Amino acid sequence: MSAVVHLTGPSQPGPNLRELVARVARGDQDAFSRLYDAVAGPVLGLVRRVLRDPAQSEEVAQEVLLEVWRTAARYRAERGEVMPWVLTIAHRRAVDRVRAAQAAADRDQRAAAASHTPVFDEVAEQVESRLEREQVRRCLRGLTELQRESLTLAYYRGYTYPQVAEVLGVPLGTIKTRMRDGLIRLRDCLGVGS
Amino acid sequence: MSAADLHALTGAYATHALDPGENAEFERHLAGCPACTQEVAEFAATLARLGAADSVVPPEALKASVMAALPTLRQEAPRTAAPPADTRRLARLRRGWPKLALAACLAVAIGTAGVAVQEHREADRARARAVALQQQQDLVAGLLAAPDARTATGAAAGGAGVGTVVWSAGRDRAAFLASGLPAPAAGRTYELWFDDAGTMRPAGLLPGGDGALLLSGPLAGARGVGVTVEPAGGSAHPSSAPVVLLSFS
């Protein structure tokens, strides 16, 4: 299997992504090919999780990966690791697509939500990523229900926080606080940061 | 929205859950808030773990089409004081050269004196500060590159030093660049003000006589900007005569 997924765990080996990005910024296509192998799986997985539609997801994932190529020189190591940088681009683009679609066709979205078909059958089952998924699940279970629902509606569904508040029937101020303290708890549980 | 309210938006910002207006407001706040910048970076890393946990094996065809598209795309140049992508456009503008000169001044100001960080100085972990400086620099450089950016320059009242304001009506923002102003006495700082038809609105603090500051808050029809010397921490209203006064015209 060519696409070995390297996750952002603290002790993970694998290619030095920062170095690859620096080479990509200089137009090195071989470096981009290696960077692609490291990030394409997470990019497509996240985009699919948000968009659900496989064809549209591939289209958006392609846009994301090409944006990485175009903007590699804008990556700043002091602002964080490569994977968060790439996945922030991926999430932003997926959410933009959801909102554009929402504006155009709320009815389709309701239909899609009602059918709720799981679209990711070919989930990569490398041991590494299975362990990672289990840890993420465990940490998500450690949140309060409101924290978890606020975060998952925003992150996986692309809801704005007023939409989250409306769906959950909770005041706006409460939602933004729960999103923040939920993320703080997740961050600590996953051991992110210093 | 108050600063405390804005701090609470770090989570919603990191999950892209703000509407465009709030997002822009929060990003302006972020530029002067190293603690928020640090938190947002950590949240992005946290969310990346969630995202990466959904990893799938992409179809081979995706890689083929991405690789095939690379030669057709122009890669962006790194962001420096003035984004090179905008340089040509800048040069074509009538006011092109003064702005390029300003961009160079900005780079020097940042290299030597640094950019004023308005808030949370108590929390300025070096890394977060560097990030905020960079963002502030990007924001000021972005403003310089705005197609409708205009500038006004004036000598300081005491004769030493020069202040320049850059503003863009389209972006509804202004930045101030100080060059060679006398360093404020201990326990004092320069404070920037928007002149709202004679009422002065606080627009940020500049602790030294050199540096660049993206003014906080929108232009909102202000007539110009003023600079006064105030006690460290700033005042709600000017308590001394202006050192520099520049009008938006």
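**Strands, core and contacts**

Student: Which strand pairs with β4(B) over 7 bridges?
Tutor: Two strands pair if DSSP finds at least two bridges between them. Strands are DSSP runs of E, at least two residues, and helices are runs of H or I, at least four, all numbered from the N terminus. The pairing here is antiparallel, and the partner is β5(B), residues 199-206.

Student: How is this model to be read?
Tutor: This is a predicted model: local features need pLDDT of at least 70, side-chain atom pairs count only at pLDDT 80 or more, and totals for chains, interfaces and linings use all residues. Residues are numbered from 1 along each chain as its sequence is written, while chains are lettered from A and ligands numbered from 1 in the order in which they are written.

Student: Which residue in the turn between β4(B) and β5(B) has a positive phi?
Tutor: The two strands form a hairpin with 2 residues between them. In β5(B), Met200(B) is the bridge partner of Asp195(B). The turn residue with a phi of about 50° is Ala197(B).

Student: Which are the edge strands of the open sheet of 4 strands?
Tutor: The order is β1-β2-β3-β6 in chain B, with antiparallel pairing. An edge strand here pairs on one side only. The edges are β1(B), residues 150-155, and β6(B), residues 211-214.

Student: Which residue is the bridge partner of Gly154(B)?
Tutor: Look at β2(B), residues 162-168, which 6 bridges join to β1(B). The two strands run antiparallel. In β2(B), the partner is Gly163(B).

Student: How many residues does the largest nonpolar core have?
Tutor: A nonpolar core is a set of buried Ala, Val, Leu, Ile, Met, Phe, Trp, Tyr and Cys residues joined through C-beta atoms within 7 Å. Buried means that 20 or more other C-beta atoms, placed from the backbone, lie within 10 Å of a residue's own. Val225(B) is among those with the most contacts inside this core, and the core's total is 107 residues.

Student: Which element gives the most to the side of chain B that touches chain A?
Tutor: Two residues are in contact if their C-beta atoms, placed from the backbone, lie within 7 Å. By that rule, 46 residues of chain B are in contact with 68 residues of chain A. With 12 residues, the top contributor is α4(B).

Methods. Buried ≥ 20, exposed ≤ 12 C-beta atoms within 10 Å, placed from the backbone.
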